[in-house]
Amino acid sequence: MKQLAIFDLDGTLLNTITDLGASTNFALTSMGFPEHPLSAYKFMVGNGVRKLMERAQPDASPEVIEKLLGHFRSHYDEHCTDTTTPYSGIPELLAELTSRGVRLAVATNKYQAAAEKIISHFFPDVKFEAVLGQVPERPAKPDPSVVFAVLNECPTAKRDVLYIGDSAVDIETARRACVESVGVTWGFRPVSELRKAYADHVVSNPSEILKFMESRP
């Protein structure tokens, strides 16, 4: 039986896209740049906030990107829970995994402070063994360092780990870390991206993840 479930955050546990898009648009308009439709942000997020700023304003200099980041974080820190919600079935999945003795962790490219705030806000009664976001000293996913950091905090044989995410970044992270992957279709990216990235499993409902808790890669 799997002993540890590692979840991506944005697009996997929580639908954060409107708050991410609103804060990015705030940063853009603060510096005189045009906004993007909120729907466009589904294909900009996933690699951390710096990459999000670069995708939102691809011609910007590094100095401008830094300023955009400052505007984004000041806004997002205050508004990251405005419209964000857990996906249907996620609270029940986390409760069931916990009842089965499966440990839970989060590995995300969201910056650390925001990851901690958003998880504690939406899942105050869920015990996560580790909530690891992006920090300067650790490369962003798909580099597997964040998974290894989780395993350092929660020692577990890789065969007993399941990694769950909604994008090719997540599936590649799991592959590089040599752990079994589940791609979820309710997030920000199409199922075709998950299959192209060779997800071990693809699910369309959180309850389907339970059937892989007994499997071995």
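Guide: One definition to begin with: a residue is called buried under 20% relative accessible area, exposed over 50%, and partly exposed in between. Also, please keep in mind that this is a predicted model.

Visitor: Where do Glu 54 and Lys 51 lie?
Guide: Both are in helix α2, 3 residues apart, which is about one turn of the helix. As background, an α-helix has 3.6 residues a turn, so residues three or four places apart point the same way.

Visitor: How many salt bridges does the structure hold?
Guide: There are 11 salt bridges in the structure. One of them joins Glu 193 and Arg 189, with 3.2 Å between the closest N and O atoms. Glu 193 counts as buried because its relative accessibility is 19%, and Arg 189 is buried at 12%. Some bridges also share partners: Asp 8, Lys 141 and Asp 170 are joined that way into one network.

Visitor: Lys 141 is in a network, then. What is the peptide bond from Lys 141 to Pro 142 like?
Guide: That bond is cis, with omega near 20 degrees. Pro 142 sits in the loop between β5 and α6.

Visitor: New topic: where is Glu 129?
Guide: You'll find Glu 129 in the loop between α5 and β5. Its relative accessible area is 30%, so Glu 129 is partly exposed. The side chain of Glu 129 meets that of Lys 127 in a salt bridge of 3.7 Å, N to O. Lys 127 is exposed, with a relative accessible area of 59%.

Visitor: Which residues does Glu 129 touch, leaving out those up to four places away in sequence?
Guide: Arg 103, Leu 104, Glu 153 and Cys 154.

Visitor: What lines the largest cavity?
Guide: It has 20 lining residues, and Asp 10, Val 45, Gly 46, Asn 47 and Gly 48 are those nearest its centre. Elements giving two or more residues to this lining are α2, β4 and α7, and β4 gives the most, with 3 residues. By class, the lining of the largest cavity has 6 nonpolar, 6 polar and 8 charged residues.

Visitor: And the lining of the second largest cavity?
Guide: Residues in that lining include Thr 108, Asn 109, Gly 133 and Lys 141. The second largest cavity gets at least two lining residues each from β4 and β5.

Visitor: How much space lies in the largest pocket?
Guide: About 210 Å³. Its lining has 6 nonpolar, 2 polar and 3 charged residues, and α2, α3 and α5 each supply at least two residues to it. Among the lining residues is Gln 112, which is also one of the buried residues of α5.

Visitor: Last one: what is the phi of Cys 178?
Guide: Phi of Cys 178 is near 65 degrees, a positive value in a residue other than glycine. Cys 178 is in the loop between α7 and β7, and it counts as exposed because its relative accessibility is 56%. Tyr 198 is not a glycine and has a positive phi of about 65 degrees too. Tyr 198 lies in the loop between α8 and β8, and at 70% relative accessibility Tyr 198 counts as exposed.

Notes:
Residues numbered from 1 in each chain as written. Predicted model: local features only at pLDDT ≥ 70, side-chain atom pairs only at ≥ 80, totals over all residues. Heavy atoms only, no water. 1 Å grid on protein atoms, 1.4 Å probe; cavity = no way out; pocket = protein on both sides within 12 Å on 5 of 7 lines; lining within 4 Å. Points joined across faces, edges and corners; volume = space filled by probe spheres on them. Helix = DSSP H or I, 4+ residues; strand = E, 2+ residues; numbered from the N terminus. Nonpolar A, V, L, I, M, F, W, Y, C, P; charged D, E, K, R; others polar. Salt bridge = Lys/Arg side-chain N within 4 Å of Asp/Glu carboxyl O. Buried < 20%, exposed > 50% of the residue type's maximum accessible area, 1.4 Å probe, protein only. Contact = heavy atoms within 4.5 Å.
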